[in-house]
Amino acid sequence: MATEPIHRWRVLADRFYDTRHQWVLEDDLLLTLGITDYTQDTAGDILYASLPSPGTVLEKGQPFGSIESGKWVGQLYAPFDGVVIAANDQVSENPQLLNQDPYGRGWLIKVRPSIANPRESLLTHADYTRLLDELDER
Amino acid sequence: MPLYLVGEVNWLTSQALYHGLPVLQEEGVILCWPKEPYVSLGCHQDWDEFDETSGIPVVRRQVGGSLVYLDDQQVFFQIIASPSNHPSLKTPEHWYHFALNPVVAFLNHLGFEAWFKQPADILIRDRKISGNAGGQIEDSAVVVGNILLQFSPEHMARVRAGSPVLKDAFAESMTRHLVTLNDLSSPAKTWTREEVMRLLAQFFHQEMGAEIQSSVPWKRWRQALNQAGQRLLDPDWLHQAGYRPPYHQVKVREGVYLRQTRREVYRDIIAEVNTESQTITALWNSAIPVSPPLNAEEVREKISDSSLRRILYELLDVRTKDLSLS
């Protein structure tokens, strides 16, 4: 029997996640990355987003950009190796999209992965839901 | 968490410390001050906001906030913590409270009614005595700030890009909105940096459980600090473009900004805006026969020139179509 999550943040079943509260959605050969509802909620009003240019090489575990809210800078980390194909200019121009629609119009970058199966190191939505449950219990 | 009474260091080391400890995966509270004056730009701040003709050293930090002038009349506190050791701290607000509560307690102990103003200022009598910023560096949460012992608004205004009128307005506004420990104390009392550092250390111990160390492990830190210092001065990092609001904006304290339009008309007018009350609290270079304070309604009622009204609405962040004010 399925159990209801105890946390208060939205998690979508159509995508994967990482432990840094970022989502990854498969889109044919590309992967789209964004921040989760947890990130936007805990950050507060996001005032600035710094995203990489197309062509930037991503290295797993290394920062690829940052967001700022209330004088607080949060880093964005590459969940796998790859190359940035596109960055969301709308987010750069209007960072509040990250608060308003983190899973949709607030996507950050599209990446061509340079490894065969990037999903292997990611969390399913069920795994990520459990991670949030644990966070909310603390 | 260890607390290090670092004291006086060169200007670059005063920034490299809190950028280097996360690389070493070390926690710590650092208390220090810079030997020389310099400017620190916020992580996402536009390089053009710095006045290069000021001839003062400049660095760009990896935490938030805007341009600040720093010198040896400010005692810095820098808190570097591992989130895994503090699982209850999840949001920037949690981290700021955790890091700044000891500073508020210290000021209260001196008899001042200090309070934390979100997101990251400490105020006394509605005037800022401590500006702070934070963020994630490597896997650490970092909060940094300072206590003003003395402060020169003129020096701060000098390093900020802008017209002479903007600089004068900025200095005047800071004089009204900032306060220092020496301003608050009796004329007979002049605070020393050592005295403030040792008192702050007591409160970080009392409120946070920080353990005061008898020495600073320079040998262990040296390489990481050198590398952090080099990163912060890398020209590509330093000269970045950044956040550009629709108007020129200079922050005075949380909720108080000087704003100037980027448009061709009325570009000399400088408004001091209280963003919480959405009120213009002072005006410079304005020929209008109306004295501030002015909220959007008063702008509509008292200013007949429609293009000036639009400029003032813009500086107030008022959407005219929403309020039918135009």
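Visitor: Which residues in H2(B) meet which residues in H6(B)?

Guide: Asn101(B), Pro102(B), Val103(B), Ala105(B) and Phe106(B) in H2(B) meet Leu199(B), Leu200(B), Phe203(B), Phe204(B), Glu207(B) and Met208(B) in H6(B). Contact is counted if C-beta atoms, placed from the backbone, lie within 7 Å. Helices (H or I, at least four residues) are DSSP runs, numbered from the N terminus. By class, this contact has nine nonpolar residues, one polar and one charged. Ala, Val, Leu, Ile, Met, Phe, Trp, Tyr, Cys and Pro count as nonpolar, Asp, Glu, Lys and Arg as charged, and the others, Gly among them, as polar.

Visitor: What kind of model is this, and how are residues numbered?

Guide: This is a predicted model, in which local features need pLDDT of at least 70, side-chain atom pairs count only at pLDDT 80 or more, and totals for chains, interfaces and linings use all residues. Residues are numbered from 1 along each chain as its sequence is written, with chains lettered from A and ligands numbered from 1 in the order in which they are written.

Visitor: At what angle do the axes of H2 and H6 of chain B cross?

Guide: Two packed helices are described by the angle between their axes and the distance between the axes. Here the axes of H2 (residues 92–109) and H6 (residues 193–208) of chain B cross at roughly 125° and come within 8 Å. Axes are lines fitted to C-alpha atoms over the stretch in contact, with angles from 0 to 180 degrees between N-to-C directions. H2(B) and H6(B) are therefore oblique to each other; under 35 degrees is roughly parallel, over 145 roughly antiparallel, 65 to 115 roughly perpendicular, and the rest oblique.

Terms used:
Helices (H or I, at least four residues) and strands (E, at least two) are DSSP runs, numbered from the N terminus. Two residues are in contact if their C-beta atoms, placed from the backbone, lie within 7 Å.
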